[in-house]
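User: I have a two-chain model to go through. Please take my questions in turn and keep the answers brisk.

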Amino acid sequence: MKDTNLGLGLGLRSTHFNHILEHWPQIDWFEAISENFMDSGGWPKHVIRQIAERYPVVLHGVSMSIGSTDPLNFSYLRKLKALAQEVNPVWVSDHLCWTGVQTMNSHDLLPMPLTEETLQHVIARIHQVQDFLERPLVLENPSSYITFKHSTISEPEFFRQLCNETQCQLLLDVNNVYVSCFNADIDPVQYIKDYPCEHVIQMHLAGHQHCGTHIIDTHDRAILPYVWELFRLAWQRTGAVSTLLEWDGDIPSFDECHQEILSAKPYMQGEFDSSKLQLPQLLQQETLSTPVDFMVPNIMENAVLEEP
Amino acid sequence: MSPSQTLQQTQAWIKHALTHPLQANQAAIATTINPSARLNSNQCLAIYQRSYYLRLLKCMQEQFPALSHALGEDLFRDFACEYLQTYPSQSYTLYDLGNRFPQYLKETRPDFSAKESEQEDWINFMIDLACFELSLFLMFDAPGHEGKPLPTMETPDERLVLQPCFHIAEYLFPVAEYYHDVKRQAEPVMPQKETSRVAIVRKNFLTHTSLLTLPHYTFLKALQQGESIAVALAHVAHTCSIPLDDVTQSWKEPNGIRQRWIQAAFFIEL
């Protein structure tokens, strides 16, 4: 087990704020979405300050856009650095993706063509970010629905070269591996075997929606059995790292989410069985990938009309 | 698109394909994106194209729930979609997504060039509601005064200033009542035109909306503009044609405006 293994954690979601502040549940750690707190002067900032005093916290971003060909947003990075100085996260992560270009932000985690040009571009930007933040950057493999004809490097190899060149670290999202591999007709077991697992310090788990022809990364349901089995393999190959559940749509109670991530325990032992990766026949109507509306606070809930 | 396209070209091309899906060149899609065993290139890209607007529209509905109720979900989505096409997000944070929406509704109203008196009421109401909801949204997470001491009744007027998380506004319609009717699922209909004035203040991380009379609004507006309390009271007396003694009495009397607004955290102490 790696020294930095924080245990089994949950993505911090505003719908659970009151429960956490009221009960201070016994949970190993939280992952906070950086953008939800870096500009906050109100309730979210008040909550993260208290949580960071009591639990290990890591910051996980969705807007660094490390792969974009637009210049790095140093205003964003300054705020991220200030937040990190305030909550003292164990690490700071984001995604290998781009979120926009030509000043537009799609608020989606868009995939990169994996070429030598992209590799050099991202390496240079990781160096800039790490120098600025004065800490290693942790990068996550995104879920993707397209691959590019002009890609020349496999995703595991791309991550390996990023780590070798920049000493960045990795967040392996096991669900994303499954989603992206299915969508791109790649063997997820081979992906994990090729992946530079020695650089992984965290894993993500989440639910997804299988539409028959493709899989959508929805984060709105329990983890599927075949993803759990893939997690067993990833657990063995990474040498046991901090593991976290992301649940972003139709979010159940805190206790249900906590119970779901505790379900990881049986998969931290035993032999990996590739036959358990067989997909059940699930055909569901497509819903939204990577929901982001959970990041918009529920203002109405916190609004009061004073009687005259 | 060709195999030698640069990263910059690829990203610019995808951006355009997301924001203008109907204009995406089918041949370029086929030469740029791999098909899967079950979907062709176009169908793969379409997953991103569908989710781009849907994702942001859900956020807009989260930010403007009362306006969405007033317009109905379909019409709200039409307006919001056109808004996102006109003003695509340029911010790293979704908190900024709706910042220009009220302004967009003003700019694009069909009776934009008509005289104010001839403009349609329902459009005025929608714009008022959008403005009110945006104000609430901004106040929710603006820097506030929580965790710091509040003034007491003994604090002299000279040391009272408005707290940082404070906003006043005037509307053509009673939007605050409508908003809270939506909140309690009372299925409100569009209200009659009636000027309303509100103060929004955050206390203990809740955004409180207080309804204001014209003298109250005039007084708070003067304070916002930097006037002292004494000058603001005189300004109310002059503007609203109320004897200064009456204005001062209303301010100072037990259970009067001063006491209520100190308790409501309108003020902090200098």
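User: Which residues are buried in α6(A)?

Analyst: This is a predicted model, where local features need pLDDT of at least 70, side-chain atom pairs count only at pLDDT 80 or more, and totals for chains, interfaces and linings use all residues. Side-chain values use heavy atoms, with hydrogens and water left out, residues are numbered from 1 along each chain as its sequence is written, and chains are lettered from A and ligands numbered from 1 in the order in which they are written. Buried means under 20% relative accessible area, exposed over 50%, partly exposed in between (1.4 Å probe, protein chains only). In α6(A) the buried residues are A:Val174, A:Asn175, A:Asn176, A:Val177, A:Tyr178, A:Val179, A:Ser180, A:Cys181, A:Phe182 and A:Asn183.

User: How many of the residues of α6(A) are buried?

Analyst: Helices (H or I, at least four residues) and strands (E, at least two) are DSSP runs, numbered from the N terminus. By that assignment α6(A) is mostly covered. The count of buried residues is ten of eleven.

User: Which residue caps the N-terminal end of α6(A)?

Analyst: Look for a side-chain oxygen and a backbone nitrogen. The nitrogen belongs to A:Asn175, and the oxygen lies 3.0 Å from it. The helix is followed by A:Asp185, with a positive phi near 60°. The N-terminal cap is A:Asp173.

User: What area is buried between chain A and chain B?

Analyst: The size of an interface is often given as the accessible area lost when the parts come together. Here buried area is the accessible area (1.4 Å probe) that two parts lose on being put together, summed over both. Carbon and sulfur atoms give 63% of it. The total is about 6200 Å².

User: Which residues of chain A lose the most area to chain B?

Analyst: Contact means heavy atoms within 4.5 Å, and this one takes 67 residues from chain A and 67 residues from chain B. Three residues of chain A lose the most area, together 11% of what that side buries. They are A:Lys149, A:Ile299 and A:Met300.

User: Which element gives the most to the side of chain A that touches chain B?

Analyst: Several elements of chain A each supply at least two residues, including α2 (43-54), α3 (74-87) and α6 (174-184). The top contributor gives seven residues. That element is β6(A).

User: How many salt bridges does the rule find across the interface of chain A and chain B?

Analyst: A salt bridge is a side-chain nitrogen of Lys or Arg within 4 Å of a carboxyl oxygen of Asp or Glu. Over all chains the structure holds 19. B:Arg55 and A:Asp108 meet in one, at 3.2 Å, N to O. Across the interface the number is two.

User: Which residues are joined with A:Glu86 into one salt-bridge network?

Analyst: A:Glu86 and A:Arg49 meet at 2.5 Å, N to O. This pair links helix α3 of chain A with helix α2 of chain A, 37 residues apart. A:Glu86 is partly exposed at 36% relative accessibility, and A:Arg49 is partly exposed at 43%. Through shared partners, the network joins A:Glu86 with A:Lys45 and A:Arg49.

User: Are B:Arg258 and B:Asp157 buried or exposed?

Analyst: The two side chains meet in a salt bridge at 2.7 Å, N to O. B:Arg258 lies in helix α12 (residues 257-263) of chain B and B:Asp157 in the loop between α7 and β1 (160-162), so the pair ties together parts 101 residues apart in sequence. Both residues are buried.

User: Which residues have the most contacts inside the largest nonpolar core?

Analyst: A nonpolar core is a set of buried Ala, Val, Leu, Ile, Met, Phe, Trp, Tyr and Cys residues joined through side-chain atoms within 4.5 Å. The largest has 165 residues. Its largest share, twelve residues, comes from helix α7 (residues 121-141) of chain B. The residues with the most contacts are A:Leu162, B:Leu67 and B:Phe101.

User: What is the relative accessible area of B:Phe205?

Analyst: Most residues other than glycine have a negative phi. B:Phe205 has a positive phi near 65°. It lies in the loop between β3 and β4 (206-212) of chain B. B:Phe205 is buried, with a relative accessible area of 10%.

Conventions:
Polar contact = N/O pair within 3.5 Å; in protein donor to acceptor, adjacent residues only side chain to side chain.
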